[in-house]
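Thanks for coming, everyone. Let me put the structure up, and then we will walk through a helix and a metal site.

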Amino acid sequence: MSATALQEALTKLRDAGVRMTPQRHAILTYLLETMSHPTVDEIYKSLEGKFPNMSIATVYNNLRTFKEAGLVRELTYGDNSSRFDANMLEHYHAVCVKCGSVEDFHYPSLYEVEEQAAISTGFQIETHRMEVYGICSCCQIKN
Ligand code: ZN
Ligand code: MN
């Protein structure tokens, strides 16, 4: 994580009138440092040693605040196992069907797909999400 990314995030929150707390700061820093697209549980487990009074609900509430401020995106998988990504630049994900890990990959943005979808459906397209599924390199070694 670059120091600027944290600084920018802190400025955004301050401008949105969000009060900073040590826990909020720790969750934000953790999200900006990790590349692993953690679940709420993973974030909670990695910080509970440092903040014994912190609850899962605190983590949830902070993630909602960050989401509203445009600092993280939530990747839902339809089974309550949302993952959180603080990389707001356009990118795509490869998801491991064995362990659930999520890795970033970059590819020119698929804006033609949005245009084609708009033409085909008459929708005013706002965004798109593309994921590829497979077996990650760790899981390949284990087998
Ligand atoms: Zn895997
Ligand atoms: Mn990502």
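Start with helix α1, residues 3-15. Helix α1 has 13 residues and reaches 18 Å from its first C-alpha to its last, close to the 18 Å expected at 1.5 Å a residue. That expected span is 1.5 Å times one less than the number of residues. Helices (H or I, at least four residues) and strands (E, at least two) are DSSP runs, numbered from the N terminus.

A word on the basis. This is a predicted model: local features need pLDDT of at least 70, side-chain atom pairs count only at pLDDT 80 or more, and totals for chains, interfaces and linings use all residues. Residues are numbered from 1 along each chain as its sequence is written, chains are lettered from A and ligands numbered from 1 in the order in which they are written, and side-chain values use heavy atoms, with hydrogens and water left out.

Back to α1. Which of its residues are buried? They are L6, A9, L10 and L13. These four cover an arc of only 100° around the axis, which puts them on the same side of α1. The arc is that of the directions from the helix axis to the C-beta atoms. On the other side, E8 and D15 are exposed. Buried means under 20% relative accessible area, exposed over 50%, partly exposed in between (1.4 Å probe, protein chains only).

What do the buried residues of α1 pack against? Against α2 (22-33) and α4 (56-68), where contact means heavy atoms within 4.5 Å. Just after α1, G17 takes a positive phi of about 80°.

Now the metal. The zinc ion, ligand 1, is coordinated by the SG atoms of C96, C99, C136 and C139, at 2.3 Å. Donors are N, O and S atoms within 2.8 Å of the metal (3.2 Å for Na, K and Ca); water is not among the atoms, so sites may look incomplete. The donor spacing in sequence is C-x2-C-x36-C-x2-C. C99 lies in the loop between β3 (92-96) and β4 (102-105), and C136 in the loop between β5 (131-134) and α6 (137-142), so the pair ties together parts that are 37 residues apart in sequence. C99 is partly exposed at 43% relative accessibility. C136 is buried, at 14%.

Last, disulfides, meaning pairs of cysteine sulfur atoms within 2.5 Å. The whole structure has zero. For C138, the nearest cysteine sulfur is that of C136, 5.0 Å away.
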